[in-house]
Every structure is written in structure tokens, then in C-alpha cells.
Amino acid sequence: MKKIKIKINGQEIITEKGKTVLEAAQQVGIYIPTLCYYSSLKPHGGCRLCLVQIKEMKGFPVACATPVEEGMEIITDSEEIKSLRKEILKLLLTEHPSACLICAERKSCQAYQKCIRKTGITTGCRFCPRDGQCQLQKVVEEIGLDEIELPSNYRFFPIEEEDPFFGRDYNLCVLCERCVRVCHDIRGAGVLSVYFRGSEVRVGTPLGLSHLETNCQFCGACVDVCPTGALYEKQSQWLGVPQKSEESICVLCGLGCAMDYKVKEEKLVNSIPSAKGFNEGQACVKGRFLIPYIVNNRKRIVEAYLKIDGKHKPVNLNEALDYVAQKLSQKRGQNFCLILSPYLSNEDLYIGQKFARKVMRSNSIDTISSLFYHPFQLIEGKREENIFHKDYEFFIVLGLSPLEMSPVLSIFLRKKMKEGKKVAVVSPINSFFSDEADIFVPIKPGQENEFLSSILGYSDFSQFKKETREIRDLINSKGRTLLIYGNEIFQNKFDKLTDLPKEIDLLPVTLGGNTYGAFLLGCHPEIYPGFLDLEEGVKKFSYLWNSELPSLPGQGIFKVAKNSEKIGALYLCGEFPELHPPRAEFIIYQGIIHTPISAIADVILPATTFIETEGTYINLDGIIQKGISVTKPKGEAKPDWWIFSEIAKRMGEEGFDYQSPSDIFKEIKEAGLLSFLKIGNLNSKTKKTKFASIESIPTSAQSSSPIDENSFRLVFRPFHWSYRDFFLVDEIRELRRIIKPDNIYLNPNDAAKLGLSNGSQVNVLTQNGVIQRKTIINDNIPEGFVYSFPDLPLLLSASLSSPIEFILNVQIKRG
Amino acid sequence: MVRINNFNDLERIRKNILEKRVLEKITITICNGTGCQAYGCQRLTEHFLAKINQNGLKEKVEIRKTGCHGFCERGPIVVIQPEGIFYQRVKIEDIDEIIEKTVEHKMVIDRLLYEEPITGKKIIKEKEVPFYKKQLRIVFGKNGLIDPTSIEDYIAIGGYEALLKVLRDMKAEEVIDEIKRSGLRGRGGAGFLTGLKWEITRKNISSNPSLGGYIVCNCDEGDPGAYMDRSLLEGNPHLVIEGMAIGAYAIGVNKGFIYVRNEYPLAVKNASIAIDQAREVGLLGEDIMGSGFNFDLTIVRGAGAFVSGEETALIASIEGRRASPRPRPPYPAEQGLWAKPTNINNVETWANVPIIISNGSDWYKNIGTETSKGTKIFSLVGKINNTGLVEVPMGITLREIIFDIGGGIPRGKKFKAVQTGGPSGGCIPKEFLDLPVDFEKLTEVGSMMGSGGMIVMDEDTCMVDVARYFLHFTQEESCGKCVPCRIGIRQMEKILREITEGKGTLKDLQTLETLAYTVKNGSLCGLGQTAPNPVLTTLQYFREEYEAHIKEKRCPALVCKGLINYFIEPEKCVGCLLCLKNCPSEAILGGYKMIHVIVQEKCLKCGACLEVCPKKVSAVVKISGEKREGPKEPILVDEWRRKR
């Protein structure tokens, strides 16, 4: 950037061409009041508070939109400007409750009367959810106002509180349009718009619909940018100003967005996406709204329980650990089975499998991810670290709906599109994101792999010849291409991914916050840490851990869940599909929330959530991110690695003397496991033959069209609404208003054929059982297909091997 | 028509057209502008055609539907060429007579001629009508000669000659120089030098040629009572298209847009027809006249907001977004439509371009004043005898426009003020009647050229009410984006409303001035920056009217309903019952031969009583700020007179 010299208030400043006057002033700490300006949004120029005077420019240009020029002389604080700003602010405050803002006693009032906020109508700051965090308050303070002569105009908008997660009181709106701009320009959702004109102008939704009725994703971006209390988060509405803010990551999906966690009195208030992370201040409904529901849930396990006479009795944690150690010392061997969660930190996962292998002499370690992927699917082809910062010219999204799976990824892609990069979306489901893409190919579910072959030139995809050719041409002409693929590809034979041309890099988007970490660290019955097969793994780790290790394949989650035979001991430290109630002689439940499964466990151990403990996570980008402990653990909850280590120590094992997660991380690093992050290093093709379960990967989904007229193909959408044993949809009522697990989505034509209307109760008949669903008619669903959230028990019983198949032939009967 | 493939074709085609036209053929031109359409000129034209056919005059007489002649007060206007006999307010019943007398026997029908209001003199020829006499109709004049839906008519009068000249003989830079030399300034309001604007846009395009650029014709004319752009685009669309093609060549773009108000269906229709015709003969599209220059036009219909005429709002609207302005810089010439350099001019500016090219900048420069060159079309409306569109050279005085061309104020009323420049122009009092009209002079007295609206007000106009009316308009039409405009104008309007209702205080005037300053200096776009002008100028020139409203609770012009009363003068009332029967709110008490009394509490101030009271009696009067004595209850006329 070219350096230029300008003068602000007589002070000479060196700044860069392309910056605005406001940015240049902020850079040297000169305050210019703003309301509608927001750093990540385009300048708006609506609030008129940042007016300045510039030599040789007539009138009063706005600092937020005027670019600096060499030799510009700017005045920001003349009396003329100050009085003009004051007058404008007065006008603004005639349409915003201002009694408290200009009250002579506002300072002392704030100190003594902090609990009178809960009122229906906000008439002053003390009644406002944003009191103390409001930008308007700050601006009034800076500009200084003590009287408003003009009559005020309360606009009498009804307060909108019927939507989940956030409410709206447009009587407080100053029409800075930040929410509208973020919703349109950054999120691409376009839910909020400006309506009417003149003094009637207001922000709202089309036709005044509720947000639930629009395509609102409840990402909360509008709430975060609102400078007043017009848009407010419901759960933290009355909690007041947080005491501290800590930056850490969110692990509710593999992206690992950076978040600012707001804490008050050791309690998590809310989580706001951080502008510093790659997510650039954006998040999704999970990260933005759900974390406090998880952490502060009243069903949290906060102490240890032992089952005594069929009933759970709270006990001292030490007592529980002693009991577990004593019991487990009798259960050593492959009949001990440990289920971990793909949401755990690297340290927890590593210690978990080390515990199972070293202490319990068992390879029966697994995570729920094995039901969806085979580890080698994640390490196929060429992958790069730090993908979000690389210069790809072309992006292909295949077999996933980014808006649904990871909205932040779709924002990243939108940004790239604005920079002129090309994006192709290949997905059966149309969305506002795919509408924006340069190329959209509405293939049928199950055709993902076939399509991939055709763009690589192996075969011809007759249906979308034009689009395939376009994509092929773009790969050839643009060079650096990123193939972002998701669950629908994992359901297929994945051979093709290894044969990709060298200009294509891969980004698999998986469920789970640390799925890759789980596989890398050997949480799989056939893989040792570092993707080593059993033979090599035993060789390496028996040396490192100074211990004998099991060399036979263990039992995976698929077998354990499906088998009706009892196993020796089942240690549940993660999500477990309930086909049958788990059968084991001894069940340990280590988790964060009481569930139906915890109810049958012999021992319940309280574990921490990711914001209560330190840990590292590998995100989709292949980067190791560190999460810090933001609040103290609830009750007696302990990190998982600590619990495993304690039990191991109590069983007389050595090598578990860790003081902190960083000790464990050091061990992981020293074992050379992290060098596998660059997947290109691993020649998986030659390894593949050694693994028995590789052969059981489904070769291709059954033929992609329905068998006869009355049967449908039921596609189960990837279900990412969980965090370890915490099923978000089950536990969070607000979320259930957005995500309806018992809905089935079908095409209007199919609905007409079956005589179904919206909300009809139907029975979905499969070979393995019947599930009940409610119909939602949606013209984005391809004909002959129905979509639903997965019913894992059903899928398990329908599948013969793992990874399980997610497309079934079904018949639909009116219920 | 054949396609024009090279520079010689145009001339050849023109010759063909002219040869085909029999010279002695009589042409009856019927104005089909929007004003005359409101008077029923379409049916009139149909009847004319039918009659001509009936009488077997088809070979001898041609009927031509032309664009607006400007003299809308007197429509429908029929001019019989080649003599130029000017008939006004022609009705269907008159057709037979016109054909029989004027067409067949060259006799003039006295009854249909224009009569000068003051002298009573009848005028036969169009040119001699005083309304036209003082005008200089270089842009607008051709409207009356041609059928706007016929490209042949336009070519016949020398159309597309300027484009030919430019493409054949001139470099782009030379065109820009010519326009710059002519001193043409944007007719949309701000008066920026057109040539300079083109040059800047051209420079921005040539610094990044791969980006390209656009030109736009702004026909989102939203000022109440102004319709010159409309009449131009309706009446002579090819002139605008030719101007745009020349501009596109000079600036170096291949794509243009005409942004037309959706409320102008005829303009949309005629411009669409014209574009199709021009494309068909090769005057738009690829390789125009074999020159290798490509240019095409698209019509975009406006989104129905006054503010869409603001150039950045217009850009947003063409892009398909809500029409709200954005801060400048960057100017459209740097980042306009889809962030490409864009040159926006209004209809009249584009229409001036071919005229300058054809006649040369030296000729054009001679018209007008030092700083403002050429002519300007004004829409002369309000309390004026000759309502219509007038095209005058810059520098003409207001007096000449209003009294010579406009024919003065109807019913012998006194002139009070003229408001120029649309709803956000200022009101100019009679002291400035001799002010020469140009961009600078109008600004000096607190008003502006604007797009050329001119509303004349007589002594019966309340200036406070006028200010309130215009602020109500701008308040409703504000896009609501910036605080001063959205809230400031509303607050000002509220104060003005209170003053007109008699609830004002003297402090309000000070508040009004402060608010006006804030809105003027704080607003984002031209709408807000000029909206306080009506208030500021009326406060400056008619302060005593404000003070009368506030101090005496009196509306001097007897307009503001909150401050006027109707009163029946007992000395005059004859007790005829007429007002009593017509009062909608039963506010009048009385009886036969009794003096009527208005119960003020019930009175709606509709003025029905004043209207029905017989002229010779004139007992009902409108009063303001005064108390009149009269009977409290109806009383027999005789009894009252006796008492006195």
C-alpha cells in the first residue's frame, strides 16, 4: 500500500492510500463518534455523526466513507462540527428513549439501581438489556448532551419476542442498518431489510413474518452488530455487563471458530464470535447461542454417582474413582470397550486410548465417527494445512450443504466469490447459498461420486454435460482448486479422491469438533496413533509406553452397538447409538449430562466441557488450535484426561503422571504424531490392504433412483446437533423450534401423489422397522427422495457394516 | 426501412423520405403529449383520421400525432401545416368545420384561435402566440413537428446527423472538447459541467479499460408539477437516444440505460419503440453506421420513489437494490453501476448534445449568460395563465417568463412568489422578478435551478403553508437512511404544522432555523441538503407572515384552516337559506328571511357557505385573526335592521 501524508487537526499523519479518514484517525487514536460504522461492513454514512471538515471539499463529508488523499487536511473537532454532531444526535434521540441518557444523575443511578431492568417496554437505559454495553450510550457520553428541546417520538412498534434466541424491540432502533447489511452482505441470508420510507422507515422481515418463518439461520450476526438494545440475546438479556471476556475456540464443529467468551461471576454469559479468528466475527447458531445452554445446563453432571441397590447415589469423586479402578482391574483385555467422543481434545483422546491400550490391554476403542467415516477417507488425496489462507482460484463444494453443515464455511466461500474466485456447488438441495454460486448442479442424492468421476474425465455425466464441462474447464484454466466434500461423498466408494490431479486440494468436512484428531490419535480399534496399523503401532508404542500392548483388532462401536452379547466393561466417554440398551457387565458413564444411558450406568463420572478445561483440537484446516479454560469446572467435574490418569494411577500403572494438558501435548509431539498433519506424507494406498475393515466400506450407494413408484429413497441428512453426550436438540427447547428431528421433507409433487399436506403424520416403512415423521413440503427436495434427520438405531439395524449407509429405500404411508 | 450500413446511407435514406413526402400535402399535427391526452386528444385524433378517410382526403392530408407542444393550458392543440395555423382547445365537434373550412378552403376559424387575455387580439400562427414568441425552442421545438413513434420523421428533420458527424469526423476527445467548449451544464439540478463529467468518466474508464463503464439517462423526474423530461422523452425520444450515442462514443462505453419513472407509461412506450427502431436501422447495436462503434440501450423502469432520481440511489435501483443514496466520494464517474465508471445525465442534458454537435459550440455559447449557456426548459405551473412547458435562453428574467410568456396571474390577482427547482427549491419574492435566471443567480437568492420546476404563487397563497406542504413532501419522500433528513425534516414539518394551526411560538422560528441548518449541512444527499430551502427562503422573505401566524394567530392569505373563520355579515345577509342547506356539518343556524349565524364550534371550514352565497349578496366572508360582531342567534332581517 502506498504511504501518504495527511493532516488531522493540524497533526501530520502517515497513512496508507485506500484507508478512510476514520480509519486513519483511529490509527492515531483520534476519536470520531460513529454509530452506523462497523469495521467489517461497507461504509453506510447514515448516522452522520462522523462528519468532518476537509479542506477543499464542500460541506461536511463523513469520515467513515471518505478515502484519504495525499495532502488532505482534515478537521474533526471544530466548534462547528461539534455543534452539528450534537444537533444530529439530538434528532436521533427524539426517536430513542433518552430519559436516562441525558439524566443529570445517571452516574450514581447506574451504581445503585442495577436490578430494575425487567420491564416490557424500555423507556430508559436502566430498563434496557444492553445497558452498559450500548454504543449509543458511549457516543452520547463522548459528544455530551444534557438537554433535548425537541419533542420525542416513541414509535410504538410491538416488541417481537416470539422467535428463539433473540428478541427485537425496534423502538430502540437507530436505523444504522448494520443488521441489514450484515444479513445481506456478509451472511447472504437477506432476512432483514429496510421497509417503508421517510419517517416511517423501519427494519424488519418480509411481510412482517417472524424469523422462524423466514430463512433465518439464527446466526446472531445481527444481534452482535446492533449498537443499541434493539436486537438482544434472550438468554443473557438480564445478566448485565460481563466481568471478563476470554478468547478461545468453539469446538461444536470442525471449523473451530474463534469466540470471545463473556463471563460474569464465574458463569458463562454468552459467546460472541471474535473478529480476530479466521471466522472474522461470524459464527453459527451453535457457537453463538448454544454454548451457555450446554455449560450452564441444569442437567449437568456435577458429581460422581455409584449405583447402589439399583439407584444412583452421589459419592465423593475419590470414592468413585477407587471403585472404578478396583472394578476395572478385573476386566482387562479386549472385552473392555472404550467409546470416546470426536468432540474431545487431543489430550483427552490420546490419554483415553492410552488408558485402554496400556492399562486395559484392549484395542476396543472407538468413536461415533467410525459409523460415518473410515479413517482413511479422511487422509486420501492431497491435503494442505491452513486452507483458509491459501489462494485457491476455484472451489468445488460436493456432497455437502455448507449452509447447513457449517455456515461459517459458506461465508468464507461468499467472500471468495466477492473477490472474484469461482465457486461450484454440487448438491441435491438448493439454498440461497447455491443460488449465489457461479455454478450450481442439482444432482440426485447418491450421484455425488459419479459426478466426481465425470468432472475428472473418467466418465460422462449425461444429465449435466454443460455444467461438468464448465467445472472441468475451470479446473484447467484456474489451476489451484479446492474440493470441499462432505458426508454424502463419504457414503460412496472414495477411490477417486486418490487419483485427483495435482492442482486439486481436498478439504473433507466432517461431523464432530475433533474428528481428525480422534483418528490421528488412534481412537479406532484397528489403528494406533499416527495412523499406524496394529503391528507397527504395537512395535512403536510398546517401546514408548514401556508396556505390552494388544495386537489384535478390537471391537468397534458398530459391533458393540449391534451385538446383543454382553461385553466385559463398557466405558462410555462419548456419544453412543442406542440400538439396544448397552449390554455390559460393568458400565462407566463419563460425561457432562444425565441421559437415558447414564441412568443405567454403574458409575457416573463428571466431566468438563471444552470451555472449562484447556486442550488442543485439530480443525478441518489441519491446524492445531488451543482452547483455554474460560470458567471453572462445574461442581466436581474434571477433565477427561485427568479422570483416565487417576484411574490408571489407582490401578498401579505408571506413565500417567501428567500435571497439565501441556505435558500430554508434549508427549504427543515427541511421539512424532503431529507430523502426520500433512496428510500427503502418508501413503495410504499401500496401507489400505492391511486393514480388514477397509473392504467393508460401501462401494456405492444402491442405484440412485427409486425402485418402483411407491417407494422413495430416504436420505438422512448429516446430524451435527450434538456435543459429546449432550444432544442439543433434545435438551434445548429453543433449538427444537428451529431443528425438527421428527420432520420428513418431501417434494410437492410427491406429496400430491401421496395426498399429503404440510404437517401430515406419516409412517416411514423400511425393511428394518417403521419410523414416524411429520411431513414438510419443500420444493428444494428432488422428486422421488425424502429427507430426514437420521435415526441411528434404524440405520444401525439396516446396515451390515460400518461406515453405515445413509440412503435407504422406504415406503411412505399416511400415519 | 433499410439498414444503415455506412455513413452515406443516412443521407440517402433522408432523401428518400423527403422525396416520398408530397410537398404541398397538408399536415394536421395533433399534440399527443400527456397533457393533451388528458384533454382527450387520442379520441380527437381517431375522429380526425376517420373524417379524413370519409372525405377521401387521404392523399391530400396527413395526420401526425406529435409530442408535447408545451402550451398544455390550451390543449388539445391542433396545428395545420404548412401554414402553421394554431387551433387550441379543439373538440370533436370542431373537426368537420376544420376540414371543410381550413383544410379545403384555407379559411381560418376564428373561434378556435388563441386570444390574448389582455388585449383580446386573436392570433393565427403558432409562432406569433406570445407564449411561444419569447421562447427559444432549440431543444423542445422539434417535438411539435414529428411523430415520436416514427424514426423516419426524426431522420427527415435532420436526425442522427450529429451522430454521423461524430462517428465520421471526430475523435472521442474532440467530442468532449466540443461539449466542454459549449459550456453545457447538467440540467438535472446541480449544474455540473457536462463535458468535464464526461472527461472524468472517460479518464477512469481508460485507466482500466477491461472494467468498462456505462452511461445512464436519468428520467426519474419526481418534482411535483414538473414534466419537461417526460415531454422530451415522450415527444422526441430519438433526440435523447442520439445524444446518448454521442456521449457513449465520447466517453468510450458500449452500454447505456434509460431510467424512467414507472409513472411515465407513455415515455416508456415511446422510448422503447424508438430504441427498437434505432436498433433495426442500425443506429444502435453493433457497428453503428459501419463505424465499428457499438452501443446499445436498455430501459429500466423506476421503483416509484422521488429519491431514485438521486444518482447514487438511481444506481442502486438499477442494480436491483433499494433506492437509497450512498456517500460520495467515490462518485459514479469512479464507481457507479456495478462499481464501474458511470456517467449519469438527465434527459434534457442528453437532448442538448446533438444540437451542440450540429450547430457547433460557438453558436451554443452565444446563448445564455456568462456561467450558464444554452436554454432551459421550465415547467410553468401554479397560479399562472399559460400553464405549460417553456424553453427560454438562460439569463431571461423571471418577469419575462411569468408575465410575457406565462401571461401573468389569473383573475387579476397579485403575484406573490415563485418557487423554482422543485420541492426543495426556494420561494423567490417579487423583489427579484427582474433576476436573470441562471444557475448562480437562483442559488444566490436561496433557491436553485433544480430540474426546472417553476411554481407561481399569487396573493392567496400562504407562505407558511407552502413551506409546510413542501416539507411534508420531502419528509414522505426521504429514503430514511440518514438521521438529519429522516428525523430533522419531520421535526420541522411538525413545527410548521403547529404554526399553521396557531400553536406556534416565536422560539419555534429559532428552532426551525437551527434544524434547517442541521438538515442542510448534515444530510447525506441532495434531497436532505436542499429540503430546508422552502423554509429558509420563506423565513427570509416572508417572515412577517410567520409572525402574523404566531403573534396575531392570523393567516394573512386566509389559507390555514386552523386560523380562519367563516362569518356571515349581518348587514348583507338576506336569509336565503342557501348556505344553511349546503353546510355539511349543520353549523349554520337561521331561517327564511333571518340573518344566518355560523356556530364556530361546529364549523369544518370547508368553505361551502362562501361558495354558495350569491355574488350579489356576498354575505359570507373569510376572516382571520379578527373578531366581528354579529347576532348570536338567528334574527329576522327586518328586526336586525330596525335595531340598527
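Predicted model: local features only at pLDDT ≥ 70, side-chain atom pairs only at ≥ 80, totals over all residues.
Contact means C-beta atoms, placed from the backbone, within 7 Å. Helices here are DSSP runs (H or I, at least four residues), numbered from the N terminus. Nonpolar is Ala, Val, Leu, Ile, Met, Phe, Trp, Tyr, Cys and Pro; charged is Asp, Glu, Lys and Arg; the others, Gly among them, are polar.

A word on conventions. Residues are numbered from 1 along each chain as its sequence is written, and chains are lettered from A in the order in which they are written. Local features need pLDDT of at least 70, side-chain atom pairs count only at pLDDT 80 or more, and totals for chains, interfaces and linings use all residues.

Now chain B. Helix H18(B), residues 463–477, packs on H22(B), residues 533–541, at about 170°, axes 8 Å apart. Axes are lines fitted to C-alpha atoms over the stretch in contact, and angles run from 0 to 180 degrees between N-to-C directions. So H18(B) is roughly antiparallel to H22(B), a label for angles over 145 degrees. B:Phe470 of H18(B) and B:Pro534 of H22(B) are among the contact residues. The classes: eight nonpolar, one polar, no charged.

Next pair. The axes of H19(B), residues 483–500, and H20(B), residues 506–522, come within 9 Å and cross at roughly 155°. H19(B) and H20(B) are therefore roughly antiparallel too. Their contact has ten nonpolar, five polar and one charged residues.

Definitions and conventions. Helix = DSSP H or I, 4+ residues; strand = E, 2+ residues; numbered from the N terminus. Parallel < 35°, antiparallel > 145°, perpendicular 65-115°, else oblique. Contact = placed C-beta atoms within 7 Å.
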